[in-house]
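Subject: Structure handover

Hello,

Here is the structure I said I would pass on. Please look it over alongside the notes below.

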Amino acid sequence: MPQLPKYTQTGQTITFAFPNHDLQLSVLTSAIIRVFENRGDSGQSYAIEGKKEQPTDFTLKDVGDHYELTTADLLVKVDSDQHVDIYDAAGNPLAVDYRGKRQLLDKGVDKVHERLVEAEGHSVSSSTTGADSSYFQVVKSLAADEHLYGLGDKTGYLDKRGFEYDNWNTDNPAPQMENFTKLYKSIPVMYGLKNGHPYGLFFDNPYKSHFDMGKESPNYYFYSAVDGNLDYYVLGGKTLKDVVSNYTYLTGRVPLPQKWTLGYQQSRWGYSASQQEVQEIADGLKKYDIPCDAIHFDVDYMRGYRVFTWDKDKYQGDPKKFVTSLKEQGIKAIPIIDPGVKKDPDYDVYADGIKKGYFVKSPDGKVYINKVWPGDSAFPDFGRPEVRQWWAHNDKFLTDIGVGGIWNDMNEPASFEGPIPDDVVFSDQDKPSTHKKMHNVYGHNMAKATYDGLKKYQDKRPYVITRAAYAGTQKYSTVWTGDNRSIWPHIQMMIPQLCNLGMSGFSFAGTDIGGFGSDTNAELLTRWIEAAVFSPLMRNHAAMGTRHQEPWSFGEPTLSIYRKFVKLRYRFIPYLYDLFEKGTKSGLPVMRPLVLNYDNDPRVRDLNDEFMVGDSVLVAPIVEKSKTKRLVYLPAGDWVDFWNNRQYTGNQDIVVNAPLDKLPLFIKKDAILPWGNPVDHISDEPDKTMTFKVFGDQGSYDHYQDDGTDFKYQDGEFNHYTLSVNAGQVSIQLPHHGFNPAYEKITVELPDKQVVLSYDAASNSYRE
Ligand code: GLC
């Protein structure tokens, strides 16, 4: 047996000297260990910011044929063959290197043969083709009972086992199906439930990477990258929730949003080509009594697709006046900004970028040009801090007009005239690098620049929406899932897609309600608004040329049902806002798969048509055409049917009737939910009253209130209310009172009575 390598220790990092290279293990916390091998790449992580290492006790022992590094939560074994095996504290295997033989799918195939197959348009798995010397892979054992989650926005199902995925941000307008390996975002974090034991693996490599989740063989999974360092983090925890919390500790958590961003939003590519059309939409929302907080302005509002311009001719000479008037109508304007800057020497943003050398260049030193909406365009070099500052400064043009946020699109970056070559010179911070390295973090850096600009020029929590992202982008931006279609498979896909995005740190996410491409229809739109009532980002958006899908487009009964569900959303906004506030500390998503709350229940490990909102709300939408009843699985505990208060015990399937106007909705027994006042828009004025609904005769709830807009809460300007109900008796305390006015009156609705309490300044609490 080969000798164990020598090692050195610096702080919490152990370096093992293997003959060809060093392997490092760093203990960040008792549940986060980094495995690192320098393969020649330099630079910092884009996902992880700041120091994450905490003083942590651990031991390292030579046990003869391997070393054992032990923390309170994890055990790592390193042997002389460079295997790295991770176990939980009880010794259950989590991420263990695979030692058996590879089971290649097509053993005799060579490159020539593969190219031929590709010539007809088939893709051949890259598992056998990583020929470059910079390519590497890590192969881990897969247990017979192992379920895999995460990977951000990938298509397909909740459980990723058996599929393969690529991380290479891609804008592919074809209908996205479960066979798509790549989409707009690269979020290389995966979670495993191995024989019921949870763990996570974050592969922090921005180059093109590949995850084979047991496609090649049911005995192992592997992840590989075309270049860069071997750099992955193993995440432990007693529950899947702990693991997600550890991942978001590492890469950052969704900051508290402005409250109105949880409201309904209306969009369509084409509206913003005329002020009149946008006003007609605002009028329609009012006329048909649909609460709404924002209208999005797609590329048509600009002057010839020039970013940071607003075509005055389309806006009666004064876009600011119109945006202000919309705001007075309760509606914020959210304009789109793409990265491509039109090549036009007479256009100030282009001229300025050229003068300052802020665009990416071909290896020959010329500014690299490709085509996007504006035609020939240059691409800002967002990896450079100076370019991000410049971009952030450009945001001032929009904040001066009074926009409510900025929507970033096409930032994979998409290009219409063929892909951007790998060797185009993009910067990695201040060092020249390549498109090959910086592609997957391009959208991340653009979103960060946009966030910084909004933060600087508005006194508000920035509202950014981005299509492309990397791990960690959740600190700066919300996301939507890009160009879905108005087809039933895409309302179905919304559930696993948003649930996996949530587990991957992206709690604030949504899909285009009604579907973006292709033509929606009354039934699909109706079911979509029902399914999306709890979608953290709630926006109806459609492509130019498709059938209109505003709430009133199909007449009755679509309009009334649509209205009912948007109004229901506004009632739930205080609950959603509470979940976002809790998420800033726990990193847990708002919308989540049942497996996150019930990781020891085998029934929910691949459940694709139900989800939960926090711990208390279970949603089982109808996502199939012509269906009016369905099975709903209720996990352990007792459940209350939201619509008729009927009670069910869990651990069983029930049949639920769901005619077109019904969303099957269950509340955990004894849960307490805040219940927003009926409003048309989320107001900046503080609520004077609040209602809480109690789904039982006991329970407790923590509720948060602040001004919903700026950063004063960070200086203590917020209220924290605690409610408890015992045998029908209600008590409400205000353990933190930093925001004024606190609610004057609180109504608590119990199953059989209503209790009204008023604020008592003397005791700083509430009394009947
Ligand atoms: C992209 C976006 C879409 C937008 C369109 C025009 O396809 O994903 O949302 O409407 O570009 O800007």
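Predicted model: local features only at pLDDT ≥ 70, side-chain atom pairs only at ≥ 80, totals over all residues.

Residues are numbered from 1 along each chain as its sequence is written, and side-chain values use heavy atoms, with hydrogens and water left out.

Salt bridges

A search of the whole structure finds 45 salt bridges (a side-chain nitrogen of Lys or Arg within 4 Å of a carboxyl oxygen of Asp or Glu). One of them joins aspartate 706 and arginine 461, at 2.9 Å from N to O. Aspartate 706 is in the loop between strands S44 and S45 and arginine 461 in the loop between helix H8 and strand S28, so the pair ties together parts 245 residues apart in sequence (helices are DSSP runs of H or I, at least four residues, and strands runs of E, at least two, numbered from the N terminus). Aspartate 706 is buried at 8% relative accessible area, and arginine 461 is buried at 2% (buried means under 20%, with a 1.4 Å probe and protein chains only). Arginine 461 also forms a salt bridge with aspartate 707, with the closest N and O atoms 3.6 Å apart.

Separately, Asp171, Asp409, Glu412, Arg467 and Asp483 are linked in a salt-bridge network.

Helix pair

The axes of H3 (residues 275–287) and H4 (residues 319–328) are 11 Å apart, at an angle of about 0 degrees (axes are lines fitted to C-alpha atoms over the stretch in contact, and angles run from 0 to 180 degrees between N-to-C directions).

Regards

Note on methods. Buried < 20%, exposed > 50% of the residue type's maximum accessible area, 1.4 Å probe, protein only.
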